[in-house]
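Q: Could you walk me through some helix packing and charged pairs here? I have the structure open beside me.

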Amino acid sequence: ILFGHLFYLKTRMDALPRNAHEQYMFADIAHEHFQSEGLFYVDLWPVSGTMMIVTSPLVAAQVAQTNAKICYDRASILERFFKPIAGGPNLFDMPEKDWRPWRAVFNKGFGAEQVTNLVPHVLSEVAAYKARLQDFARRKEIRYYEYRSCLVRKVETHLSQRNTSLEAQKGYNVLADSMMSQIRWHQPNAEANPLGHLNFVRWIVEWWNGRQMDRYIGTELDKRFLEYIQDPSDKRQKSVMDLVLQAYIAQSGEHKPAELDPDFRAFAIRQIRLFVFTGHDSTSSTICYAFHLLSQNPDALKRIRSEHDRVLGSDTTKASTLLEEYPKLLNDLLYTTAVIKEVLRLFPPAASSRQGKVGAHVNDDCGTVCPTDGVSMIWTIHAELHRAPKYWKRPVEFLPERWLVEPTHELFPIKDAWRAFEYGPRNCIAQGIVMSELKIILACMVREFDFKPAYDEWDQLHPWKGEKIYRGDRAYQMEEAAAHPVEHYPCRVFLRDV
């Protein structure tokens with residue numbers, strides 16, 4: 001076929017609501033035609049190569065966990081996707097031989113101890129954001145929900161763990177705002193469509209944002225390096241920046257470098273930019289959908305508030321102080337954890353990809369051998385896998401209790417069907433921190449605010465023709481680097497009398 005499946009895919013994309021994430025196009029094809037198999041191929045020539053679309057937990061486990069020929073390398077075409085975000089090769093898209101030693105280095109910064117150490121920083125930023133929401137509630141304005149968690153103390157903590165804050169919740173910050181701009185300007189479908197880079201304005205904006213981020217991070221990196229040179233015994237921190245510098249100094253042996261090698265400095269900056277991006281996307285999108293789904297499910301909202309009263313006490317003003325003093329109380333928020341997992345099931349912020357390899361194959365749900373030779377990307381679509389009736393009971397319902405039932409219960413999830421952070425060697429390195437941060441945000445906010453979607457008002461202010469609902473929800477996902485609520489979730493915020 002001269003143009004592969006491009007014309008067919010255009011008809012599928014045109015049938016979706018405006019700005020809908022491209023993953024829905026493949027999800028619909030899988031839902032309508034390939035439920036039995038759990039995978040299919042799609043030809044994107046001449047724009048890109050052949051892709052294998054996966055929507056089965058059985059196949060996804062082979063791709064990400066058990067097939068050693070495939071599970072270690074992400075799709076090489078992701079380099080186009082991450083170039084504006086990170087600035088070049090990074091921990092996410094590196095080939096296995098380069099990725100493996102650095103994953104071991106960064107693992108040290110995401111253990112249980114580090115998660116506990118982050119609690120005071122997250123609590124501080126939650127307090128700042130609560131103050132902003134209180135102001136919006138009093139002014140009775142439509143709010144475009146956007147929790148900039150990673151771009152505040154979380155970034156500062158992973159960057160250098162100094163006693164200063166980016167203060168991005170309160171005003172302008174070069175690093176935070178440059179990354180936000182980069183995300184807004186990011187080209188949809190960048191991994192599959194190189195033609196989008198012909199947009200000259202986008203190229204200029206991305207170049208400028210990258211320059212600003214590199215300068216900001218580079219300045220902090222140079223300061224921290226000088227501190228290590230002056231005090232080589234300093235091993236107090238486990239931030240991303242500290243871990244990178246410790247590895248760099250260690251490999252130099254007895255002859256400590258007087259200054260950072262330019263190539264290594266550029267490498268370190270790329271890794272820090274990556275962590276700034278990934279933390280923002282996972283937390284921002286998920287907390288937004290958590291409040292959305294809780295607002296639509298009053299029984300679940302009542303139950304999560306009851307759990308917070310029981311674990312943290314009925315005085316909401318003391319929740320932050322209690323969590324700072326006893327961070328392990330987060331482990332007692334079982335229903336809150338179930339809410340977060342169910343939110344991530346229905347609205348996963350990202351999919352998963354691996355590189356096809358010569359001589360490597362997977363078996364679909366019917367047992368058919370499916371080769372990956374010549375496959376430019378094996379793409380596991382979590383948005384479909386997480387809702388497929390073949391693998392989930394009552395798949396479209398918001399049921400946090402499915403994460404609390406016994407294994408014999410019909411709602412109990414089947415093995416490998418929930419993949420929000422992926423499994424296998426290249427799973428999400430920061431999943432422990434993300435889950436803790438989400439629990440803290442809900443614990444400190446869900447009893448103090450009510451949220452009501454304001455899409456009807458937004459549609460009146462911005463009229464346009466066409467479908468506005470996808471799979472029963474107006475708050476469908478759009479692509480801004482990762483998946484976010486369309487139109488940034490216009491809503492109204494109300495203070496509760498507690």
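**Helix packing and salt bridges**

A: In this predicted model, helix α10 (residues 240-251) packs with helix α11 (residues 262-296) at an angle of about 155 degrees, and their axes are 10 Å apart.

Q: How are α10 and α11 oriented to each other, then?

A: Angles over 145 degrees count as roughly antiparallel, and α10 and α11 are therefore roughly antiparallel to each other. The crossing of α10 past α11 is right-handed.

Q: Which residues make the contact?

A: On α10 they are Val240, Met241, Val244 and Tyr248, and on α11 they are Phe264, Ala268, Ile272 and Phe275. Sorted by class, this contact of α10 with α11 has eight nonpolar residues, with no polar and no charged ones.

Q: Switching topic, how many salt bridges are there in the whole structure?

A: A search of the whole structure finds 26 salt bridges. One of them joins glutamate 342 and arginine 402, whose closest N and O atoms are 3.1 Å apart.

Q: Where in the chain do glutamate 342 and arginine 402 sit?

A: Glutamate 342 is in helix α14 (residues 334-346), whereas arginine 402 is in the loop between α15 (382-385) and α16 (431-445), so the pair links distant parts of the chain, 60 residues apart. Both glutamate 342 and arginine 402 are buried.

Q: And arginine 419 with glutamate 422, buried or exposed?

A: Arginine 419 counts as buried at 0% relative accessibility, and glutamate 422 is buried as well, with a relative accessible area of 8%. Their side chains meet in a salt bridge at 2.9 Å, N to O.

Q: Which residues are linked in a network of salt bridges?

A: Asp28, Glu384 and Arg471 are linked in such a network.

Definitions and conventions. Residues numbered from 1 in each chain as written. Predicted model: local features only at pLDDT ≥ 70, side-chain atom pairs only at ≥ 80, totals over all residues. Heavy atoms only, no water. Axes fitted to C-alpha atoms, helices over the stretch in contact; angles between N-to-C directions. Helix = DSSP H or I, 4+ residues; strand = E, 2+ residues; numbered from the N terminus. Parallel < 35°, antiparallel > 145°, perpendicular 65-115°, else oblique. Left-handed = near helix turned anticlockwise from the far one by under 90°. Contact = heavy atoms within 4.5 Å. Nonpolar A, V, L, I, M, F, W, Y, C, P; charged D, E, K, R; others polar. Salt bridge = Lys/Arg side-chain N within 4 Å of Asp/Glu carboxyl O. Buried < 20%, exposed > 50% of the residue type's maximum accessible area, 1.4 Å probe, protein only.
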